[in-house]
Amino acid sequence: NGKNMLYDSGTRGNYDVGKFVVAPFLRQQGIKKIDTIVISHKDDDHCNGIPSIIDRFSVGNVFVNKFFIQSGNKVELIRRFAEEKIKTGLLADGLEIKGYEPAKIRVLNPPDKDILRNRGVFVENISTNDSSSVLLIEYMGYRILLCGDIGERGIEMLLSGSGGSDVDVSADIIQVPHHGGFIVNTGDLVKSVNPEYAIINALAKDISASTIMDYRKHGVSLHKTYENGAVTFTIDKEGIKVSTFL
């Protein structure tokens, strides 16, 4: 219904990907306002493009999680949200992002940090990557799983429903976690999600050969941004169409 959501914007180094890549692309799509920004976790390569996005677009809401807020590393970014009067909300396993009906957007990770602490879980042992907000988007009978940078423990939490969620993680499209790097239980994730398509946003040197093997073994159609540039998945009543920039 004309709404949009931006999930992460960042890159390694000093290059302003928000200014030079994401903003021009969004303008090309005719987007003047961003309804929601979701920042999966605090690593710069997932959020250092956000300030330039805020400079160039009206933003309705920003969602982060308690691991992001309580890290203390992104005080200036959080201050920017307040200065621009952008509403900021917290995500945790079991919650939904409303307002995108008929699409349904559910949060599958991380569990609420304070609830985990009350259960006696030593949350300091949960890495920044494993605290990534994982979203499951359902639309017209198809499902998309956005994984951020979850690693071994994050995959375990996702598949075990350790936050109290008992959600089926199967999806047609998956954003391969942690840029396709080596994760020992990647095979478990691929088997549980059983995707038709996967996208790896990474440089060639970031991607593990074993990750490629795990996805190919299950017959997944893999798209890599270093080869394809931007990858677009369009969902309509006829199914999923894939197009690439390169």
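Is the crossing of α8 and α9 left-handed or right-handed? I looked this up and found that the crossing of α8 and α9 is right-handed. I call a crossing right-handed if the near helix is turned clockwise from the far one by less than a right angle, and left-handed if anticlockwise.

**Ground rules.** I am working with a predicted model, where local features need pLDDT of at least 70, side-chain atom pairs count only at pLDDT 80 or more, and totals for chains, interfaces and linings use all residues. Residues are numbered from 1 along each chain as its sequence is written, and side-chain values use heavy atoms, with hydrogens and water left out.

**Helix pair.** I took helices as DSSP runs of H or I, at least four residues, numbered from the N terminus. Helix α8 covers residues 186-193 and helix α9 covers residues 209-217. Their axes come within 9 Å and cross at roughly 25 degrees. Each axis is a line fitted to C-alpha atoms over the stretch in contact, and angles run from 0 to 180 degrees between N-to-C directions. Angles under 35 degrees count as roughly parallel, so α8 and α9 are roughly parallel to each other.

Next I listed the contacts (heavy atoms within 4.5 Å). From α8, Thr 186, Gly 187, Leu 189 and Val 190 meet Thr 211, Asp 214 and Tyr 215 of α9. By class, I noted 3 nonpolar, 3 polar and 1 charged residues in this contact. Here Val, Leu and Tyr are among the nonpolar types, Asp is among the charged ones, and Gly counts as polar.

**Salt bridges.** I searched the whole structure and got 19 salt bridges. The criterion is a side-chain nitrogen of Lys or Arg within 4 Å of a carboxyl oxygen of Asp or Glu.

I checked Glu 96 and Lys 104: they form a salt bridge, with the closest N and O atoms 3.7 Å apart. Glu 96 is partly exposed at 32% relative accessible area. Lys 104 is also partly exposed, at 34%. For these labels, buried means under 20%, exposed over 50%, and partly exposed in between, with a 1.4 Å probe and protein chains only.

Then I turned to Lys 241. Its side chain meets Asp 236 in a salt bridge at 2.9 Å, N to O. Lys 241 also has a salt bridge with Glu 238, at 3.4 Å. Glu 238 is exposed, with a relative accessible area of 65%.

Methods: Helix = DSSP H or I, 4+ residues; strand = E, 2+ residues; numbered from the N terminus. Parallel < 35°, antiparallel > 145°, perpendicular 65-115°, else oblique.
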